[in-house]
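This briefing looks at how one chain is divided into parts and at how another chain is built overall. Keep the structure in view while reading.

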Amino acid sequence: MLEVRDLGKRFGGIAAVDGTSLDVAQGEIVALIGPNGAGKTTLFAAITGFVPPDTGHVRFLGETITGLPPHAICARGMVRTFQIVQPFGALTVRENIAVGAHLHHPRRTEALARAEQVAAQVGLDKRLDQPASTLTVAGRKRLELARALATEPKLLLLDEVMAGLNPTEISEIVPVVRAIRDSGVTVMLIEHVMQAVVSLSDRAYVLNNGRIIASGTTAEVASDPNVIEAYLGHGAAERVKTQLQAGHAS
Amino acid sequence: MSARVAGVILLAALLCVPFAVRSEFWLSFWLLVLMFAFLGQSWNVLGGYGGQFSFGHALFFGIGAYGTAVLQVRHGINAYVAGAMAVAIGALMGGIIGLLVFRYRLRGAYFALVTLAFAEVARILVASFQYTGSGFGILIPLSRSVENFQFADRRVFYLLAWVLVVIGSLIAIWLENSRFGAQLMAVRENEDAAQALGINIVRTKVLAIALSGGMAATVGVFYVQNYLFVDSHIAFGPAMSIEALLVCLVGGLGSVFGPLFGSVVLHAIGEAAKQATGNAPGLNLVLYGIILIVALRFLPNGIAGLFARRTRPKREAANA
Amino acid sequence: MLNVGLLLPAVINGVTMGAVYALIALGLTLIYGVLHIINFAHGSLLMLALYAAFFLYALGGVDPYVAIFVLMPAFFALGYVLQRFVIHPASHGRDENILLVTLGLAIIIDNLALWLWTSTTRTIDTKYSFEVVDLGVALIPLPKAIAFFGALVLAAILWWLIAWTDLGKAIRAVAREREGARLVGIRVEHIYAMTFGLGTAVVAAAACLLLPAFYVTPQVGYAFVLVAFTTVVLGGMGSFTGALVAGLLLGVVEALCGLYFGESLGQIGIFVIFILVLLFRPTGLFGARA
């Protein structure tokens with residue numbers, strides 16, 4: 001479904017994304033993980049047209065979309081959410097979601113009705129008439145999710161949708177994301193919250209310094225020494241291995 | 001009472017004016033109030049619903065005014081046709097300027113300043129060429145007849161202006177209940193998020209400024225038909241630009257009847273001040289400036305915000 | 001077409017006018033660089049200072065070049081008060097609101113002047129108003145020459161203030177990192193007000209230098225505001241060097257436009273440049289790349 005090849009983006013002298021390639025197949029939930037500053041959000045931005053890549057290309061559903069503006073990419077079925085939530089503050093929750101729904105529903109009444117349906121999907125149905133600016137962080141995250149869903153995407157890119165949520169809230173959102181996949185939407189998510197990554201994703205890519213350093217199932221990736229070093233520092237892989245052996249021995 | 005209800009009541013009251021009021025002076029006064037209400041509504045489309053604050057809306061007003069004047073006086077075109085053409089030119093200029101300015105992502109203060117610059121360029125240009133009357137302005141010959149869009153009875157103008165205000169309110173209601181309006185407001189609230197949801201930012205803004213320009217040009221046409229005279233200062237000077245934005249700000253940005261409330265209150269206060277201080281030039285504008293600052297400080301949602309809220313929330317403070 | 005005999009005096013005249021534009025812009029760029037405020041009332045404050053200098057001369061016989069020492073502190077105080085007690089509270093910190101509040105101030109000041117002093121053009125005639133400096137290739141009115149040098153001196157003083165004094169350091173700190181500055185104990189609101197005061201004081205000085213070579217009406221503020229903005233944007237928001245260079249450039253452009261297209265179209269060149277700069281290079285000649 002999504003094919004990213006050799007994508008690169010430099011800012012000044014720094015390569016935020018450096019020759020990255022990845023694939024997402026229909027119906028998957030793929031995670032993109034990596035330490036802070038690895039370039040994950042930049043990668044999302046480059047894929048979805050917010051930042052034009054310097055090198056490489058992106059193909060979505062067989063069509064090359066590199067360099068297209070974000071709204072055109074959204075119209076083709078790939079939509080992203082933002083790490084720092086961006087609600088339309090002065091509008092109500094219903095009106096917020098309706099903006100997304102309007103992509104495929106020109107009539108106002110239809111869009112508002114769709115918004116209600118989507119709100120129910122993410123659990124915001126009690127808050128439809130609240131101003132978006134009064135929502136809690138968890139509520140805003142759901143709103144972000146709902147708005148994106150309302151555009152009826154084929155591929156949903158979630159950027160740290162769990163960030164800032166407490167464990168209860170996380171455990172409430174995880175099934176929502178799973179249900180989204182089950183309803184036919186492919187999902188790629190950037191996540192730091194390992195609990196979510198492990199319980200949701202089929203596969204994961206690990207990004208560090210703009211490059212993919214590992215990929216595979218979450219179990220494979222978690223025990224990959226490169227990944228451990230990326231997160232815990234140089235030499236950590238060895239130390240962890242020694243610790244684990246010592247643990248097994250006792 | 002909701003703002004909408006208050007607005008409708010106000011409109012109904014204003015409809016009675018030509019029948020209740022005897023003096024020419026007060027008829028003219030309320031006529032101006034209506035015209036400025038529509039001018040404010042034109043600003044509201046771009047600034048209130050669209051979030052792009054223009055400091056040079058006189059540009060479009062002037063295009064309407066000079067457009068119709070020049071077409072009638074220099075080319076002998078029928079007043080209604082000239083007026084329609086002037087409105088079209090106003091909308092077109094709005095679109096062109098929008099394309100130029102929004103393609104290059106001008107926003108906020110930079111956008112406000114560039115609109116001011118355009119208005120000033122227009123002012124200097126029309127004052128420099130014979131074709132547009134140079135420093136003297138243009139006089140439309142008096143010829144009172146319906147075909148010439150001039151009426152012996154000013155009450156006809158008044159009613160037409162009233163209809164215009166109703167149309168303006170309908171346009172605002174349409175914005176609040178349409179896909180275009182929803183997209184425009186999304187762009188106002190958060191451009192990145194709007195883009196991510198499939199909205200073409202530039203196209204949306206350009207359409208908004210074209211609509212706004214056409215509406216403002218309409219007021220220009222009306223003004224000229226009423227007063228039969230326009231010069232560079234009236235058409236493109238700061239007074240109209242300030243009128244357009246003040247009326248909207250005081251009345252309530254992004255609300256259907258805000259511009260009407262603003263126009264009524266502002267001019268009522270201005271007129272009262274004039275009468276109390278014996279018509280000193282400039283004093284009522286001082287009052288306008290004070291009202292602006294007071295409104296910014298205490299009435300972030302304008303007068304419309306004082307009424308009972310519908311479910312719609314309004315502008316929040318900076319870091320809610 | 002390129003008659004040097006006409007061209008050179010026009011250019012030189014443009015340069016002297018440009019120095020004044022630069023001086024006016026200096027205050028504006030300082031205010032923008034630190035507070036990130038587009039101060040719409042800047043022109044009105046200039047006009048107010050012009051009137052102040054005028055009345056000091058007309059009623060008190062105080063020479064404008066002497067009045068500088070009176071008006072600079074007075075206007076510094078005015079600027080401080082305006083920022084601390086009017087602009088800051090009314091704007092709730094939102095950028096668009098600040099623009100509107102300063103617009104409101106401009107409207108108030110401009111029309112107060114209209115009401116109090118009417119539209120009559122006021123000029124002053126000092127002993128030296130009609131003296132000229134003979135540069136061989138052109139004759140420059142003495143007041144304009146003094147304005148030119150005065151502008152350079154003031155710019156230098158302002159630069160010294162910002163670069164070398166404690167106040168200047170505090171101002172730069174706040175400009176770069178407001179919350180960090182607050183954390184090290186700098187009173188940010190006070191510094192904002194000081195900066196605004198400084199910018200206003202500079203404008204008062206510009207007025208004193210300008211008056212002998214110019215005139216004052218209530219509309220003068222509005223006329224200067226756009227030129228000042230053009231200068232600041234062309235030079236780069238926050239850059240003193242930029243304001244100087246841009247001011248001189250614009251003075252020359254205006255003079256040349258006036259020469260080739262006639263007086264009334266003279267200012268068009270400036271606005272066209274303004275629009276072009278905003279579209280194609282909003283960071284200006286010397287501004288920080290966004």
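In this predicted model, the centres of domain 1 and domain 2 of chain A, taken over C-alpha atoms, are separated by 31 Å. Domain 1 of chain A covers residues 2–216, and domain 2 of chain A covers residues 220–250.

**Where the two domains of chain A touch**

- Nine residues of domain 1 of chain A are in contact with seven residues of domain 2 of chain A.
- On the domain 1 side of this contact in chain A, β9 (203–208) and β10 (211–216) each provide at least two residues.
- The element that gives the most to that side is β10(A), with four residues.
- Sorted by class, the side of domain 1 of chain A that touches domain 2 of chain A holds five nonpolar and four polar residues. Charged residues are absent from that side.

**Overall build of chain B**

- Chain B contains 13 helices and two strands.
- Its C-alpha atoms fill a box of roughly 55 × 45 × 35 Å along the principal axes of chain B.
- The radius of gyration of chain B is 19 Å, which agrees with a compact globule, because a globule of 320 residues would have a value near 20 Å.

**Packing within chain B**

- Of the 320 residues in chain B, 56% are buried.
- Taking the contacts in chain B between residues at least 6 apart in sequence, 76% join residues that are at least 24 apart.

Definitions and conventions: Residues numbered from 1 in each chain as written. Chains lettered and ligands numbered in written order. Predicted model: local features only at pLDDT ≥ 70, side-chain atom pairs only at ≥ 80, totals over all residues. Rg over C-alpha atoms; globule rule 2.2 N^0.38 Å. Buried ≥ 20, exposed ≤ 12 C-beta atoms within 10 Å, placed from the backbone. Domains from an automatic or database assignment. Nonpolar A, V, L, I, M, F, W, Y, C, P; charged D, E, K, R; others polar.
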